[in-house]
Amino acid sequence: MSEQARRRGTWVRLLLWGLVALALLLVAVAVFFWRRPLSVFEAMGRFGLRAAGFTRLTLDTPRGPLAYWRGGQGGTVVLLHGANDYAGAWAKVAGPLAASHRVVVPDLPGHGYSAPASGALSFDDILAGVERLVQAEPGDGRVTLVGNSMGGLLALLFAREHPDRVRGVVLVNGAALS
């Protein structure tokens with residue numbers, strides 16, 4: 001066998017082993033995604049926030065640490081997610097919004113990286129987390145609250161209790177108050 005044929009055989013074997021390794025990696029990713037799809041989407045959302053220049057911070061609340069993301073400059077906009085969701089759900093909206101606003105995106109209490117991780121959690125506990133967040137991130141003193149689903153209800157309740165702290169409320173599939 002010539003030297004050139006031996007080298008070609010070595011490269012073919014290396015290429016085949018590389019393809020086998022790549023196939024095994026793809027199968028492992030597919031299995032992980034199939035078994036834990038929400039974890040994959042959460043990671044993608046958080047990656048989107050980091051990629052848009054947001055910084056992850058925490059603050060103390062009555063029920064433990066509240067994780068949130070902050071980015072941009074200008075008037076403060078607080079994005080509130082719905083029940084069983086997390087801050088990363090706002091990744092596609094938060095990035096462009098941060099070009100002209102200071103954007104704050106929490107993992108609401110009992111969601112994502114925010115405490116408590118288990119156990120009972122009242123709506124008042126979640127609202128107290130929003131109150132603490134707005135208090136800690138005052139910006140120019142007033143905020144615009146954007147809420148999806150349960151986050152919309154939280155925005156309305158906060159605005160009703162603290163009208164002096166709210167510039168405006170935007171509801172995305174939110175509930176109304178009477």
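Here is a short chat about how to read some features of this predicted model.

Q: What should I know about the model before I start?
A: It's a predicted model, where local features need pLDDT of at least 70 and side-chain atom pairs count only at pLDDT 80 or more, while totals for chains, interfaces and linings use all residues. Residues are numbered from 1 along each chain as its sequence is written, and side-chain values use heavy atoms, with hydrogens and water left out.

Q: At what angle do the axes of helix H1 and helix H2 cross?
A: First the terms: helices (H or I, at least four residues) and strands (E, at least two) are DSSP runs, numbered from the N terminus. Axes are lines fitted to C-alpha atoms, for helices over the stretch in contact, and angles run from 0 to 180 degrees between N-to-C directions. Here, H1 (residues 3-35) and H2 (residues 37-51) have axes that come within 5 Å and cross at roughly 100 degrees. Angles under 35 degrees count as roughly parallel, over 145 as roughly antiparallel, 65 to 115 as roughly perpendicular and the rest as oblique. H1 and H2 are therefore roughly perpendicular to each other.

Q: Which residues of H1 and H2 meet?
A: Contact means heavy atoms within 4.5 Å. On the H1 side you'll find Phe32, Phe33, Trp34 and Arg35, and they meet Pro37, Ser39, Val40 and Phe41 in H2.

Q: How do I read the order of strands in the open sheet?
A: Strands of a sheet pair through backbone hydrogen bonds, either parallel or antiparallel. Two strands count as paired if DSSP finds at least two bridges between them. This open sheet has six strands in the order S1-S2-S4-S3-S5-S6, with mixed pairing. Strand S1 (55-61) and strand S6 (166-172) are the edge strands, each pairing on one side only. From one strand to the next, the twist averages 25 degrees. For a parallel pair, look at strand S3 (residues 76-80) and strand S4 (residues 102-106), which share three bridges; Val77 stands opposite Val103 in S4.

Q: What does helix H4 touch on the sheet?
A: H4 (residues 123-136) packs on the sheet and touches S1, strand S2 (64-71), S3, S4 and strand S5 (143-148). The direction of H4 makes about 120 degrees with that of S1.

Q: Which residues touch the most other members of the largest nonpolar core?
A: A nonpolar core is a set of buried Ala, Val, Leu, Ile, Met, Phe, Trp, Tyr and Cys residues joined through side-chain atoms within 4.5 Å. Buried means under 20% relative accessible area, exposed over 50%, partly exposed in between (1.4 Å probe, protein chains only). In the largest core, of 21 residues, Leu80, Leu145 and Leu154 touch the most other members. S2, S3, H4, S5 and helix H5 (150-161) each supply at least two residues of this core, and the largest share, six residues, comes from H5.

Q: Where is the cis peptide bond?
A: Ala115 and Pro116 are joined by it, with omega at about -5 degrees. Pro116 is found in the loop between S4 and H4.

Q: Which loop holds Asn84, and is Asn84 buried or exposed?
A: Asn84 lies in the loop between S3 and helix H3 (91-97). Its relative accessible area is 76%, so Asn84 is exposed. Asn84 also has a positive phi of about 60 degrees, although it is not a glycine. Ser149 likewise has a positive phi, of about 55 degrees, and is not a glycine; Ser149 sits in the loop between S5 and H5.
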